[in-house]
Amino acid sequence: MADSRGSGSGPLHDLERAILMVLLEVDAHAYGIVAELERRMPERRIYPANLYRRLNDMVDAGLLKEQPAPASADARQRCHYRVTAAGRRAARAEAERLERVVADARRLGLLRSR
């Protein structure tokens with residue numbers, strides 16, 4: 001099922017954005033994604049049901065692709081995820097959107113200029 005986010009027309013959920021940022025660096029399984037997210041955002045608790053729902057939605061939207069795990073993987077690593085071209089476009093569009101938000105915040109005096 002295609003999703004408008006794949007074309008960059010809408011904002012990503014913050015967890016989807018964070019998942020894309022992790023997977024743009026390295027393909028990973030769900031357990032590895034959680035470990036990296038918790039390292040990057042120690043203040044945020046990642047619940048497995050929420051993570052798997054987001055991963056499934058992102059696969060359905062064409063932002064991620066499931067891949068078989070390497071033969072050396074253990075049971076927790078059955079499925080690896082990789083960012084698709086649509087996922088890369090959505091991440092770029094989201095980064096550009098956030099850049100505009102930061103520019104507006106600086107213009108309004110909410111953030112210091114660099």
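The protein chain has a mean pLDDT of 88, and 85% of its residues reach 70 or more; pLDDT is the predictor's confidence in each residue, from 0 to 100. This is a predicted model: local features need pLDDT of at least 70, side-chain atom pairs count only at pLDDT 80 or more, and totals for chains, interfaces and linings use all residues. Residues are numbered from 1 along each chain as its sequence is written, and side-chain values use heavy atoms, leaving out hydrogens and water.

**Fold**
- The protein chain holds four helices and three strands, taken as DSSP runs (helices H or I, at least four residues; strands E, at least two) numbered from the N terminus.
- Along the sequence the pattern is α-β-α-α-β-β-α.
- Of the 114 residues, 32% count as buried (under 20% relative accessible area, 1.4 Å probe, protein chains only).

**Helix H3**
- Leu51, Arg54, Leu55 and Met58 are the buried residues of H3.
- They lie on the same side of H3, because they cover an arc of only 100 degrees around the axis (directions from the helix axis to the C-beta atoms).
- They pack against helix H1 (14-25), helix H2 (30-40), strand S2 (64-68) and strand S3 (79-83).
- Just after H3, glycine 62 has a positive phi of about 85 degrees.

**Charge over a ring**
- The charged end of arginine 45 sits over the ring of tyrosine 47, 5.1 Å from its centre (NZ of Lys or CZ of Arg within 6 Å of the ring centre and within 35 degrees of the ring normal).

Note on methods: Buried < 20%, exposed > 50% of the residue type's maximum accessible area, 1.4 Å probe, protein only. Contact = heavy atoms within 4.5 Å.
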